[in-house]
Amino acid sequence: MAARIIDGKTTAAGLLAELKEKVEAFGKTGRTPGLAVVLVGNDPASAVYVRAKARQTVEAGMRSFEHRLPEDVSQDQLMRLVETLNHDFAVDGILVQLPLPPHIDAAALLSAVDPAKDVDGFHPINAGRLATGDARALTPCTPLGCIHLLKCVEADLTGAHALVIGRSNIVGKPLGQLLLGENCTVTIAHSRTRDVAELCRAADIVIAATGQPEMVRGDWIKRGALVIDVGIHRIAANNGHRVIGDVAFDEVRDRAGAITPVPGGVGPMTIAYLLQNTLKAARQRSGVAAI
Ligand code: NDP
């Protein structure tokens, strides 16, 4: 039987509709959450993401502040901008769009963001809070989206063996922490792992975040497993382009119990959770409990 397709687009739309109501309720405290996005250079894909984020921020009833800087901006200029945003009362969330040009020390810049406004969840303080189960953690958005999609299929993930392929600070590592929090038994694979295919065959949940197009094949998947595809690759196709993931979708859908498509799976959830994190940051900064 073909797998259930986990519809990230519809799920994210539902989340955003709920969020809008929560933002309205928060507005009764006299404040509107604000998200500042910093974009460096002219990377067309980044510009598209930033535009989409700004539009959805406003649609959710929040304020959007955009800061575009030239490719040759200096580290000092960027650090000063982050410092200004850290002290701007109207800004609850700061997002520095990645990738940054090679002359910029991204780790230093991300660590300069006030952890209370770190809506991407990349600051070491938030990584530590996530690892220690501290509810104040602002957690990376893509992993939050993956967990939400898994729970649309299986409300209780307790005891499942989850394999995360990829160990980046942005996706793989925080996903491992979140899955532990859901009482899964977690394996994290990476480019030095021996026989990823064999690990995959034993997993109830497979999350692919490798940046390797269609790496996960059909015969790697245990029948009925839940498969989440984080990858995004734009490849040339007749007269245009097509977007594919880290999973060979057509092969895997014949064996999996449920699978996310690319596009329309994890991608839309990432923006929805960015805005959720912005509201969480605004509430925490204002000392307002969840409404
Ligand atoms: P990174 O390049 O930072 O990390 C990739 C990880 O995959 C690394 O840990 C690497 O291992 C591992 N890896 C690479 N090749 C293999 C292999 N052959 N076998 C096993 N593991 C391998 O990528 P990100 O985590 O930032 O992103 C992963 C993917 O997700 C990308 O396609 C990206 O475009 C996409 N993405 C999508 C988002 C969304 O909103 N849908 C958001 C963020 C990312 P090692 O550590 O050993 O090098």
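1. According to the UniProt annotation, from an unreviewed entry, residues 140-285 form the domain "Tetrahydrofolate dehydrogenase/cyclohydrolase NAD(P)-binding"; such annotations use the numbering adopted here, have shortened feature names, and may be inferred rather than shown by experiment. Over residues 140-285 the chain is 36% helix and 21% strand, with its end C-alpha atoms 18 Å apart. Helices (H or I, at least four residues) and strands (E, at least two) are DSSP runs, numbered from the N terminus.

2. This is a predicted model, in which local features need pLDDT of at least 70 and side-chain atom pairs count only at pLDDT 80 or more, while totals for chains, interfaces and linings use all residues. Residues are numbered from 1 along each chain as its sequence is written.

3. A further UniProt annotation, also from an unreviewed entry, assigns residues 6-120 to "Tetrahydrofolate dehydrogenase/cyclohydrolase catalytic", and this stretch is 49% helix and 16% strand.

4. Helix α3 (residues 75-87) has 13 residues and reaches 19 Å from its first C-alpha to its last, close to the 18 Å expected at 1.5 Å a residue, where the expected span is 1.5 Å times one less than the number of residues.

5. Which residues of α3 are buried? They are L78, L81, V82 and L85, where buried means that 20 or more other C-beta atoms, placed from the backbone, lie within 10 Å of the residue's own, and exposed means 12 or fewer. Seen down the axis of α3, the buried residues fall within an arc of 100°, so they line one face of the helix; the arc is that of the directions from the helix axis to the C-beta atoms. On the other side of α3, D76, R80, T84 and H87 are exposed.
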